[in-house]
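Subject: Structure for your review

Dear colleague,

Please find below the structure that I am handing over to you, together with its sequence.

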Amino acid sequence: MKFFKLLGIAQGSLMKNRTRSVLTMLGIIIGVGAVIVMRAIGDGAQQDIEDRINSLGTNLLMVRSESNSLGGVRRGAGSSRTLFIDDIEKIREQCSLVMAVSGIVQVSGQVIGGGTNWFTSVQGVDPDFLTIKSWEVEDGTMFTERDMRAKTKVAVLGASVVENMYNGVSPVGQTIRIQKTPFKIIGVLKAKGQSAGGQDQDDTVLVPLTTAAFRLRGDSQYVSQIYVSALSVDVMDAAQEEVSQTLRIAHKLIDGQDDDFTVRSQSELTEAFTSTTQTMTTFLTIVAAVSLVVGGVGIMNIMLVSVTERTREIGIRVAVGARSTDVLIQFLIEAVVLSVMG
């Protein structure tokens with residue numbers, strides 16, 4: 001018999017038992033739906049993590065000083081003072097694969113203003129910091145290179161600081177005190193949310209790097225770390241190597257001598273989290289696929305029952321010349337139609 005003739009017979013048989021056909025398809029429907037939903041959940045989680053990591057900065061390279069020892073105790077990465085403001089200028093001038101660079105001077109303390117106070121993170125940064133972090137100013141403006149050179153006492157507040165100190169009302173033009181030093185508020189940053197590590201990125205106050213180093217910390221040369229933005233994702237590895245070589249020359253390190261700094265790529269963090277979410281997505285997909293197997297078993301059982309019920313029909317077909325193969329193909333087509341419709 002021709003294939004389309006068998007297809008028509010299969011459809012006619014399924015239509016005679018509509019309720020049973022629909023219930024049989026339900027197993028496939030649930031199985032396919034479960035696979036789609038579980039896959040979507042996994043992909044969504046992966047995208048969310050990637051977005052959070054990307055919020056840390058665009059094509060970000062993080063340079064930190066190495067650890068030092070105090071009384072024989074290693075104090076961890078970033079504890080030694082081997083990164084300086086001069087290193088920032090050398091990277092900016094000598095690295096051709098770098099789009100933007102900013103030093104970081106970390107100063108935590110009580111900020112007083114708006115009739116209240118708030119303990120937050122005060123960061124001395126370069127104007128390029130917003131470019132690196134893909135951050136925007138919602139109200140007011142960012143400080144400039146002129147403010148850097150003049151060590152101007154100006155500040156840009158994060159959204160969380162504004163919310164807690166000024167009830168969400170823009171304080172541009174007002175004055176705050178950081179470690180008893182008055183700063184004029186010139187801008188408010190757009191809300192950025194939590195980082196991949198769960199930290200509130202908006203709970204911060206930005207001031208010019210030189211101002212933080214000279215007026216707040218009292219150490220004019222040392223920087224906590226350096227953020228570097230590569231030209232593109234494709235040149236991240238090359239930019240990382242270029243920055244390393246530039247700093248080795250600047251620090252006068254000879255061949256065979258260990259680096260007194262570390263350069264880490266944002267891609268390393270992305271790969272670690274992505275690997276975890278991919279494992280989770282694969283696991284969820286396998287679990288959901290079990291529903292498809294169950295649906296397939298359901299169709300198998302229904303077709304077995306159908307064969308038993310239609311013994312007379314099969315006998316008539318065999319009597320008029322049908323072969324066992326023809327009967328087998330007929331029931332297989334019915335099973336395929338059920339699966340495809342499901």
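The paragraphs below set out what was found, from the whole chain down to single residues.

Please bear in mind throughout that this is a predicted model.

Overall composition

The protein contains 11 helices and 12 strands. Of its 342 residues, 42% are buried.

In soluble globular proteins, nonpolar side chains tend to be buried together. Here the largest nonpolar core has 42 residues, and within it I176 and V243 touch the most other members. Strand β4 (residues 98-113) gives this core its largest share, namely 5 residues. Another core lies apart from it and holds 16 residues, including L60, I132, M142 and L206.

Neighbours within four places in sequence aside, V243 is in contact with L61, V63, I91, C95, V98, V228 and V263.

S244 is located in helix α8, which covers residues 236-250. Is S244 buried or exposed? Its relative accessibility is 13%, under the 20% limit, and S244 therefore counts as buried. Leaving out residues up to four places away in sequence, S244 touches F261 and V263. V263 is also one of the contacts of V243.

Q257 lies in the loop between α8 and β12 (261-265). With a relative accessible area of 37%, Q257 is partly exposed. Beyond its neighbours within four places in sequence, Q257 is in contact with R248 and K252.

Helix α6 and its cover

Helix α6 spans residues 159-166, and its buried residues include S160, V161, V162, M165 and Y166.

Positive phi angles in two loops

Most residues other than glycine have a negative phi. K151, in the loop between α5 (145-150) and β7, has a positive phi near 55° and is not a glycine. At 25% relative accessibility, K151 counts as partly exposed. Q179 is placed in the loop between β8 and β9. Its phi is positive at about 50°, although Q179 is not a glycine. The relative accessible area of Q179 is 37%, and this residue is therefore partly exposed.

Two further buried residues

T181 belongs to strand β9. Its relative accessible area of 15% is under the 20% limit, so T181 is buried. Apart from residues up to four places away in sequence, T181 touches K153, I176, R215 and L216.

K133 sits in helix α4 (residues 129-133). Is this lysine buried or exposed? K133 has a relative accessible area of 8%, and on that value K133 is buried. The C-alpha atoms of K133 and V228 are separated by 9.9 Å, while the two residues are 95 residues apart along the chain.

The cavity

Rolling a probe the size of a water molecule over the atoms shows where empty space is left. The count comes to 1 cavity of 30 Å³ or more. The largest cavity holds about 80 Å³ of space. What lines the largest cavity? Its lining consists of S13, L14, N17, R20, S21, T24, I302, M303, S306, R310, E334 and L338. By type, these lining residues divide into 4 nonpolar, 5 polar and 3 charged. At least two residues of the lining come from each of the helices α1 (3-16), α2 (18-54), α9 (266-309) and α11 (324-341).

With kind regards

Terms used:
Residues are numbered from 1 along each chain as its sequence is written. This is a predicted model: local features need pLDDT of at least 70, side-chain atom pairs count only at pLDDT 80 or more; totals for chains, interfaces and linings use all residues. Side-chain values use heavy atoms; hydrogens and water are left out. Helices (H or I, at least four residues) and strands (E, at least two) are DSSP runs, numbered from the N terminus. Buried means under 20% relative accessible area, exposed over 50%, partly exposed in between (1.4 Å probe, protein chains only). Contact means heavy atoms within 4.5 Å. A nonpolar core is a set of buried Ala, Val, Leu, Ile, Met, Phe, Trp, Tyr and Cys residues joined through side-chain atoms within 4.5 Å. On a 1 Å grid over the protein atoms alone, a cavity is a set of points where a 1.4 Å probe fits but cannot get out, and a pocket is an open set with protein on both sides within 12 Å along at least five of seven lines; lining residues have an atom within 4 Å of a point. Grid points are joined across faces, edges and corners, and a volume is the space filled by probe spheres set on the points. Ala, Val, Leu, Ile, Met, Phe, Trp, Tyr, Cys and Pro count as nonpolar, Asp, Glu, Lys and Arg as charged, and the others, Gly among them, as polar.
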